[in-house]
Amino acid sequence: MEEKVVFAVTEFVIVSLGKQFVENPPVDLATLYSDMSPSTPPDQTPWEPSNASPRRGDTWTGSMPTKVFPVTILQNSVKVTLDPPKGLRANVRRAFTEITNNFFEEHILGRQWRKIIFGVCFFHAIIQERKKFGPLGWNIRYEFNDSDRECALLNQNLYCQTGHIPWDALIYITGEITYGGRVTDAWDQRCLRTILKSFFSPVTLQICVYFAPEADRLSDYNRYIENLPLIDDPEIFGMHENANLAFQRLETMTLINTILEVQPRSSARGGGKSNDEIVHKLANSILAKIPECLDMDEAAEALFIRDANGRLNSLTTVLGQEVDRFNNLLRVLRVSLCTLQKAIAGLVVMSEEMERIYTSFLNNQVPNHWSTSAYPSLKPLASWVKDLALRTSFIESWIMRGQPKSFWISGLFFPQGFLTGALQNHARTYKLPIDELNFRFNVLPVYRDQGVVSEALKTLPAGGELDMDSELPTINDGVLVHGMFMDASRWDDVNMVIADALPRVMNAMLPVVHFEPQQNYDPDPSLYQAPLYKTSARAGTLSTTGHSITFVVTVMLPSSLPSDYWITKESALLCQLNE
């Protein structure tokens, strides 16, 4: 199992080399001092240069890259890196070592004040530790630091001087300014506010084995912190047990990618195929799987039927734009593959770009040269090529057979444009302003796999109808959509609501969804607002809407649990998986 790779490697290193090679050594000033000399000062982060002589034991500190830092000093320094503590217990313990007895014990609020301090420190530890879960923790990896916690505590002290606790003000200051000022993603802001509410409330921190103790002295709190669990259960973060699997798999992929990057290119030994032969064969295989191009001139006549005002169906316009994007990608692939084969044969010079593509092929990675012309994807090369072939097959079927009964939203370059086209069609039909339209989402009890659909279409005669299409209702407005996956949740087919994921099932398929346009639609507050992303890497360049460019649309899903339950899990929908 891939999530056990890092544990196995760690155990191998311990047995082969010793435990000291897998543990961070403590920062021992006595040991550091023995390594120093008048010409070898210590160096740590952050940094501020001193005008004094190095013989007086200057410390150069720095927190970010800078061109004015003397490189020669850095090269001759003893480098000291202070890593943030790992785990909730270590994080809270570090926070309490920086709190004085007077600040903690002498306050007009008494025991309430001490619980508030503990709540702030624990909240800080929670949002720090969530980063290890990748996108299930935060869409973007924010660099929260100790100064945020210190500022939050000072604000608590300032606002509670009168003996009254203004919870709303504290939540706003802490969630929108102190910590919220660092958070740029709209969905992360939602998650931060939700987590904060569970700590900044009259009932502060009563979760599982974690709670604010009924004590009055700082030393009592320190003893309590020392007895907290060493291993953090995902439940304390509001997450499912699968979150640990996601974290372990992320560590595994990071390790494997690092190993691949430092691997040297080697020639074949023992009669095996050489790298040149492997890459040349792979290039041939890819060329055989992708079409020359997609041709709109062969499109079905039904696609070009105009309405009473002479306007073309908006989805046909979307199709034409998708064809242009795919043809550009196919052209980039064919040119680079043919050039690579010529370079391997010695007919042209192996350029730096071809060298990078060559290396990517050996590592089963998608070349950057292709990624820049393609849709967002985290798949390895083999899966990426298979996915591309499926996408072009979907578009080709749309061209030749007309609009499908259900659209594979994951197969589109720009799904946002497709959804806008669906709204535009509705606006034209009913003569409504498009800016007053939104989708209502109706989940149908039908599953649809595009791979199965593509195989069935290969043997379907022209003008024929798929048997699986009969399972779908005929709709008058909107579009039927399939191809979405659920992240940190699943679909309950019995109760037709969002539910907790099954153990070890990371991304369950979502059934077909009817995207039905509605004018001035006001969704039921009980519906969970699930963001739909193109890939599991939810982070991306922020658009003018405040969302990541990988964000597609918000899908409203029925739930038997409060939305906060799913928000802390960062439950979302994905257009494609990583495999």
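Reader: Between which two domains does the largest cavity lie?
Author: This structure is a predicted model, in which local features need pLDDT of at least 70, side-chain atom pairs count only at pLDDT 80 or more, and totals for chains, interfaces and linings use all residues. Residues are numbered from 1 along each chain as its sequence is written, and side-chain values use heavy atoms, without hydrogens and water. The lining of the largest cavity takes residues from two domains (bounds from an automatic or database assignment), so the cavity lies between domain 3 (273-403) and domain 4 (406-578).

Reader: What volume does the largest cavity have?
Author: A cavity is a set of points on a 1 Å grid over the protein atoms alone where a 1.4 Å probe fits but cannot get out; its volume is the space filled by probe spheres set on points joined across faces, edges and corners. Searching the whole structure gives two cavities of 30 Å³ or more. The largest has a volume of about 60 Å³.

Reader: How many residues in the lining of the largest cavity are charged?
Author: The lining (residues with an atom within 4 Å of a point) consists of Tyr 375, Pro 376, Arg 391, Ile 409, Ser 410, Leu 412, Phe 413, Pro 415, Lys 534, Cys 575 and Gln 576. Asp, Glu, Lys and Arg count as charged, Ala, Val, Leu, Ile, Met, Phe, Trp, Tyr, Cys and Pro as nonpolar, and the others, Gly among them, as polar. Seven lining residues are nonpolar and two are polar, while the charged residues number two.

Reader: Which residues is Glu 516 in contact with, leaving aside its neighbours within four places in sequence?
Author: Glu 516 is placed in strand 13 (residues 513-519) (a DSSP run of E, at least two residues), and its relative accessible area of 15% makes Glu 516 buried. Leu 437 is 79 residues away in sequence, yet its C-alpha is 9.8 Å from that of Glu 516. With those sequence neighbours set aside, the contacts of Glu 516 (heavy atoms within 4.5 Å) are Asn 438, Phe 439, Arg 440 and Asn 442.

Conventions:
On a 1 Å grid over the protein atoms alone, a cavity is a set of points where a 1.4 Å probe fits but cannot get out, and a pocket is an open set with protein on both sides within 12 Å along at least five of seven lines; lining residues have an atom within 4 Å of a point. Helices (H or I, at least four residues) and strands (E, at least two) are DSSP runs, numbered from the N terminus. Buried means under 20% relative accessible area, exposed over 50%, partly exposed in between (1.4 Å probe, protein chains only).
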